[in-house]
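Thank you all for coming; I would like to walk you through one structure this morning. Please have the sequence and the 3D view open as I speak.

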Amino acid sequence: MKNFLHGRGHAFRWMAWLLPFPVLFLILNALFPFHISISYSRIVLAGDGTVIQAFLSADEKWRIPVTLNEISPELKKAILFKEDKYFYFHPGINPVSVMRAAWNNIRSGRRTSGASTITMQVVRLLNPRKRTYPGKIIEMFRALQMEWKFSKDEILRMYLNLVPYGGNIEGITSAGILYFGRLPDQLSLSQVTTLSVIPNRPGSLRPGGNRETLKIARNRWLMKMQEDQIFPDQEIADAMAEPATLTRIPFVPIAPHLSVRLKENRPGNSIQTFINPVLQKKTANLAANYCKRLQVSGISNVSVIVVDNRTHRVVAYEGSGDFNDSEHEGQVDGVRAVRSPGSTLKPLVYGIAFDKGLLTPKSILEDVPVNYDGYSPENYDSRFTGTVSVESALMNSRNIPAVNTLKLIGLECMKENMGEAGFEQVLHTKSDLGLSLILGGCGVRLEELTALYGAFANMGEYYPLQFTVSDTLKKGFRLLSAPAAYMVTDILARPVRQEAGGGVRGDVAHLPKIAWKTGTSYGRRDAWSIGYNRNYTIGVWVGNFHGQGIPELTGAEKASPLLFELFNAIDRDARSDWFTVPDGLDFRLVCPLSGMPPGDFCNNTVLDFFIPGVSRNTTCSHLTEVAVSADGRHSYCTACIPSSGYKREWFPNLSPELISFYESEHIPWEKRPPHNPFCSRIFTSGNPEIISLLNGKTYLVEKGEGRELMLSCNSAGNAEKIYWYINDRFFKQAEPGEQVFFSPDPGKVKISCSDDKGRNSDITIHVQLF
């Protein structure tokens, strides 16, 4: 028994003195265990530890827990001096105080003084009961149980969490924030003393009450502390000189959308974020003001997320522009909303093509009408340029080259990369996605796009965004090579560009040094602008949460201005700290007409990036050498070339699609002479490709006159005539690229297309009249 007593320390030795039979305490403790359940307010903290949001506890109290680190020495000394000087020396009951209180009460015949220790006050706050002698005995027993179970610091912390401060405010942290706007360890001696006197006189010292009464009560205790030399005289004098005010300060939450989000999916009473209060306030103010300016155009919502590129932490988060704007669904979190990305995914598809060695910035792509199994995308301006370089296609957000590049790298490759980069909706709808994905035919979130562009900023290394301390365990991976990411950045950083639907950009006042890309969804429901430099990646979405499209809503016109404002406010002086050319990326001279290393016939060259050992090194073939007759009237193939009397000339080496485009648009181009009419060779390659109708498809045609379907094809460069057949019967002769129309009969229809070289292609369609 002796060893048992020594093992329990001073608390149990006190109990041995108070209880003649300690075994009785153990029995009662087992029969009547003291269960403690405290419902705390959940709080969300900024990166610097300040409270940015607090939620009521389950019992509707503002009861924000205080941490041991927040209990400053001044706070501890002030509270203990006033409430329980011998707190660290008694076992929960102070026998001297009990006897003094009993003697005073007996002598006066009424209750004149109490003997409650801090431990006993905690018991009473946890289980309020009427102040009777039996109740006091129970309270004392519970206090002994608490001392048996908890350390002194834990009990003091519980007291500071439960002490009432009027209304539904409990705890020193709640009172400090709501009355002074400070955490406990930031409170002055005057404020600590003020808060220490309120619980004893909640009526006369209520918040907003008589300041003079509050000042007298505060100063009386300050003078007592001075008499006992608890604090230096100068500190006491400074505290007494402070104004005595106690007014409830309206708590203005910071980053409310993020706080609500974390409350839903993060455990614990205290959630530590990486929000930078200064950057958050700048972001929120700019977004709110910008949103108000947009409302005259029928645009009601703005969402912004700011990421530190070096730590991958989310330092600012604005979900709607105004959380309290119920008229415009302000509590919707646009950072998490699934929307159409418009053109914002194009940098990724080109980056992948760079890594596969298929393209470089100066590579030439075709910008002509295409038809991929019924999918015929168009450019935002409904025009085609014929050919365009990769860098120009990305800078000016051309749609057809992007679709062609997606076809080139493979749709599955793109979906796999997006899945790895955390695009959840793409993973869920993977089997339903087609080539339209690159033009916005999928669902993404602003945070996902911002994380993707953060990978460009980190030289191809993708890192999941970090919202809280627990997110720091997430690992990154390489999404693109450093050379590919740099080439994308180099293109996106060029200020003068033709943005989709938004005119020429580049004359913006105080344009920050950033790389950025815009996007506009189909129907103009979503406007995006994502930008980055070495320090930050910022994502901006503008639109209406209810999905209404606005004719003026484009990424360039409505989202980019806010992006520029944010960078100028957050990181205005970052121009000198820019990306450098990484190892593994080099320069070479290429032909500007193909983007490939020049051939003997290339007269001009330009400098281009390339990845040695990866980028294609095929020599330029934008021209092809053709044998022609001395008079230039005929051309020869290898089967009919004469032994003499001919010459060799260079002609454009165009694809059938480009030839068809030039012919349909009446764009002049240098054609090779007609092939030798006496040649007996049968051509087996370069068959015409029917592009206006798809094999095996069913077409609905309206009954009556004028029901027609169009016929068009892509043909080889040496084809001079095209012949159309319907159900094996000759229908019409046409020029290459010429569009022909016919009126089909219902049912199965065979369509054949032949050129003057004997090459042929057939398809079968089904026609239904309605």
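Predicted model: local features only at pLDDT ≥ 70, side-chain atom pairs only at ≥ 80, totals over all residues.

Let me begin with a definition: helices (H or I, at least four residues) and strands (E, at least two) are DSSP runs, numbered from the N terminus. Residues are numbered from 1 along each chain as its sequence is written, and side-chain values use heavy atoms, with hydrogens and water left out.

With that in place, we can look at helix α3, which covers residues 22-31 and contains valine 23. This valine has a relative accessibility of 44% and so counts as partly exposed, where buried means under 20% relative accessible area, exposed means over 50%, and partly exposed lies in between (1.4 Å probe, protein chains only). Val23, Ile27, Leu31 and Phe32 make a nonpolar surface patch of about 390 Å²; patches are made of residues with over 30% relative accessible area and no salt bridge, like charges being joined within 9 Å and nonpolar side chains (Val, Leu, Ile, Met, Phe, Trp, Tyr) within 5 Å. The areas themselves come from the Shrake-Rupley method with a 1.4 Å probe, and for residues only the protein chains shown count as cover.

Next, the salt bridges, each being a side-chain nitrogen of Lys or Arg within 4 Å of a carboxyl oxygen of Asp or Glu. The structure holds 34 of them. In one, lysine 415 meets glutamate 412, with the closest N and O atoms 3.0 Å apart; the two are three residues apart in helix α18 (residues 411-420), and so about one helical turn separates them. Lysine 415 is buried, at 4% relative accessibility.

Which residue forms a salt bridge with arginine 445? The partner is glutamate 424, at 3.3 Å between the closest N and O atoms. Because arginine 445 lies in the loop between α19 (424-428) and α20 (446-457), while glutamate 424 is in helix α19, the pair ties together parts that are 21 residues apart in sequence.

Finally, an open sheet: three strands run in the order β20-β19-β21 with antiparallel pairing, where two strands pair if DSSP finds at least two bridges between them. β20 (635-636) and β21 (646-652) stand at the edges with a single partner strand each, so one side of each is left without a neighbour in the sheet.
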